[in-house]
Amino acid sequence: MHALATIVKPLPGHLFTPHEASAEMRWEAMAGQGFHTPTDRFFVRNHTSTPFIDASTWRLRLHGAGLRSPGDYDYEQLLAMPARTLDAAIECAGNGRRFYGTQQHSPTPGTQWGLGGIGVARWRGVPLRHLLEHAGLRPDAVDVLPVGLDAPFEHHGHVRRPLPVAKALDDVLLAYEMNGEPLPPDHGFPVRLVVPGWVGIASIKWLGDIEVATHELFTPWNTEFYPHVTTQPVKSAFELAWDTPFLLGRPQVIHGRSWSGHGRIVKVEVSFDGGRTWKTAEHHGPHLVSAWLPWHIDWTPRRLGPQVLMARATDETGATQRATIPRQPFGYHFDAVVQHPIRVIPG
Ligand SMILES: Nc1nc2c(c(=O)[nH]1)N[C@H]1C(S)=C(S)[C@@H](COP(=O)(O)O)O[C@H]1N2
Ligand SMILES: [Mo]
């Protein structure tokens, strides 16, 4: 079992691949699971380490020129406010970064995530809109800046990234529950933001402070890191380990999931011959705009040896996955088709 000092929950090797202060979910850990990612295998991305926060002394401070009635809220007050449940993905902007190097021979620095820097949970909490209105949101408010209570990151201060007020009022949740339990320490206890469809960094964990400004705000997280990055692109993954062995001639049902920050997935195709021909996969389960679409396809391996499986999805905006994509200096937004290696062995 791997233990990262920066993460509290256990990180068994069959569920996670460790990366410095973060832990990536192994996609084979989603095989046979329901729609949501169980919390025990949900990826963790920490800039520093998981802090221990006492909910009984915790306060959320709302302040700034964009509010008429700034003030502090405690945990009990938040729990007593009108709540909403939301099924949504959180995905790191760097998810898939490794494939810039392995598939396109153009590696980019940063955590070398495969495709496991994503999870879908059932979040419950208070709509950010409700809290902002409660604190007297002024019509001239422009940006909302959530700040984390974890240790400052290098010389950049606390992790914080501004959100435009329009997104803050749309579908953002102040979540205190994940998959029916109080938020675990690694995922932001006592309260985190969940910003559907946007890069993971928008979903600030261990929330302690929200500033509402009447002008645009800038922090290292929307200038230096993740500039101009808002919604997540289209991606697909197989619920399979790398190099999974399959028996020749034995019928298989191959499972996977596809997602997009822009809207619903409308089509998923799979290629078993390196991208020459594509077959349409079948959907099942709920088809939610801020989460993923589970799918499956039948396949009987007819050729021995190492080969690749490829999946490509298309969303309702027409965005799809290409064979290769231009290099992105930070290694964000890898939305090309991933070549998933498997091997077929004698049956
Ligand atoms: N306060 C704080 N919030 C944070 C982070 C962090 O390090 N500190 N990491 C961000 C990043 S980069 C991602 S991808 C998501 C990951 O959420 P998770 O660890 O619950 O999977 O949290 C975001 N929120
Ligand atoms: Mo991230």
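A salt bridge is counted where a side-chain nitrogen of Lys or Arg lies within 4 Å of a carboxyl oxygen of Asp or Glu. The structure is a predicted model, in which local features need pLDDT of at least 70 and side-chain atom pairs count only at pLDDT 80 or more, while totals for chains, interfaces and linings use all residues. Residues are numbered from 1 along each chain as its sequence is written, chains are lettered from A and ligands numbered from 1 in the order in which they are written, and side-chain values use heavy atoms, with hydrogens and water left out.

**Exercise 1.** Describe the interface of domain 1 and domain 2.

Step 1. The chain divides into domain 1 (4-213) and domain 2 (235-345), with bounds from an automatic or database domain assignment. Their C-alpha centres are 27 Å apart.

Step 2. Contact (heavy atoms within 4.5 Å) joins 34 residues of domain 1 to 33 residues of domain 2.

Step 3. Buried area is the accessible area (1.4 Å probe) that two parts lose on being put together, summed over both. For domain 1 and domain 2 this comes to about 2,700 Å², 60% of it on carbon and sulfur atoms. Of the area that domain 1 buries against domain 2, Trp-27, Phe-35 and Tyr-100 supply 26%, more than any other three residues.

Step 4. By the rule, one salt bridge crosses the interface of domain 1 and domain 2. Lys-235 and Glu-91 meet through their side chains in a salt bridge at 2.9 Å, N to O.

**Exercise 2.** Where does the second largest pocket lie, and which residues are nearest its centre?

Step 1. On a 1 Å grid over the protein atoms alone, a pocket is an open set of points with protein on both sides within 12 Å along at least five of seven lines, whereas a cavity is a set where a 1.4 Å probe fits but cannot get out; lining residues have an atom within 4 Å of a point. Points are joined across faces, edges and corners, and a volume is the space filled by probe spheres set on them.

Step 2. The second largest pocket holds about 280 Å³. Of its 20 lining residues, Glu-24, Trp-27, Glu-28, Arg-98 and Trp-242 lie nearest the centre.

Step 3. At least two lining residues come from each of β1 (16-19), β2 (22-25), α2 (98-102) and β13 (235-238); helices (H or I, at least four residues) and strands (E, at least two) are DSSP runs numbered from the N terminus.

Step 4. Because domain 1 and domain 2 both give residues to this lining, the second largest pocket lies between them.

**Exercise 3.** Which strand gives the most to the lining of the second largest cavity?

Step 1. The whole structure contains four cavities of 30 Å³ or more, and the second largest cavity has about 90 Å³.

Step 2. Its lining includes Ala-89, Ile-90, Glu-91, Trp-198 and Trp-259.

Step 3. Strand β5 (residues 84-91) gives the most, with three residues.

Step 4. Since domain 1 and domain 2 both give residues to the lining, the second largest cavity also lies between them.

**Exercise 4.** How much space lies in the largest pocket, and in the largest cavity?

Step 1. The largest pocket has about 460 Å³, and Arg-45, Gly-110, Thr-111, Phe-153 and Tyr-226 lie nearest its centre.

Step 2. The largest cavity has about 270 Å³; Arg-45 is among the residues nearest its centre, as is Lys-205.
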